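Trainee: I have just opened this one and would like to go through it with you.
Mentor: Gladly, let us look together.

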Amino acid sequence: MPIIIRQCAAAGMRLSSEGSDPAWNTACLRELIDHIVEDHHAHLRSELRALEKLTGATAPRLYEGDRVAELICVLKEDLELQMQKEEIVLFPAILELESASREGRRFGHSKFGSVRNLVKVAERSHSQTLQALEEIRRLTNNYCCQAKHTSGAGVLFRRLADLEDDLLWHIHLEIDILFGRVAVLEGETQ
Ligand SMILES: [Fe+2]
């Protein structure tokens, strides 16, 4: 079973049905990377900005609201940095590797070092993200709004649930599919 699907199941989280689409196992890596950057990264950046504002207004009235606000702040900082590293360092290195493989060239290291090491760093960061998502889910009681909460909390919980949904799929695409395919390519071009 793919790593992220297994970790999510263990944490009581579930990938949306989009996860069953097999097309990304065979599409070229540039297409997959473009999809990750243009759809998931763009959506995540705007959603994290919106959530930070929304949490600032709503979280003080929630049970454990301070911790939820803190986690969103940490997620925003970590994910913005992670996406920047992926776009500037990791994804260009993967595309270089894909070109070498297509042209039948040997590929030692990218200018940023071994792609495998870059992938390991990204995997560590994704695993911290999953822990933060798990804690937010627990603190919000699975995003369940109670009668005592304001309507602002309902909006916040719904958007947090949507963020988790999109982020799990995004991380699944990167770790289970993209990085898995990179490991195969790197083996072929050594
Ligand atoms: Fe990403």
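This is a predicted model: local features need pLDDT of at least 70, side-chain atom pairs count only at pLDDT 80 or more; totals for chains, interfaces and linings use all residues.

Mentor: Residues are numbered from 1 along each chain as its sequence is written.

Trainee: What comes just after helix 3?
Mentor: Just after helix 3, Gly 104 takes a positive phi of about 70°.

Trainee: And how do helix 3 and helix 4 cross?
Mentor: Their axes come within 10 Å and cross at roughly 155°, with helix 4 spanning residues 115-139. Because angles over 145 degrees count as roughly antiparallel, helix 3 is roughly antiparallel to helix 4.

Trainee: Which residues make up that contact, nonpolar, polar or charged?
Mentor: The contact of helix 3 with helix 4 divides into 16 nonpolar, four polar and four charged residues, where Ala, Val, Leu, Ile, Met, Phe, Trp, Tyr, Cys and Pro count as nonpolar, Asp, Glu, Lys and Arg as charged, and the others, Gly among them, as polar.

Trainee: Changing topic, how many helices and strands does the protein chain have?
Mentor: The protein chain has five helices and zero strands, with helices being DSSP runs (H or I) of at least four residues and strands (E) of at least two, numbered from the N terminus.

Trainee: How much of the chain counts as buried?
Mentor: Of its 190 residues, 29% count as buried, meaning that 20 or more other C-beta atoms, placed from the backbone, lie within 10 Å of the residue's own.

Methods: A residue is buried if 20 or more other C-beta atoms lie within 10 Å of its own, exposed if 12 or fewer, and partly exposed in between; C-beta atoms are placed from the backbone. Axes are lines fitted to C-alpha atoms, for helices over the stretch in contact, and angles run from 0 to 180 degrees between N-to-C directions. Angles under 35 degrees count as roughly parallel, over 145 as roughly antiparallel, 65 to 115 as roughly perpendicular and the rest as oblique.
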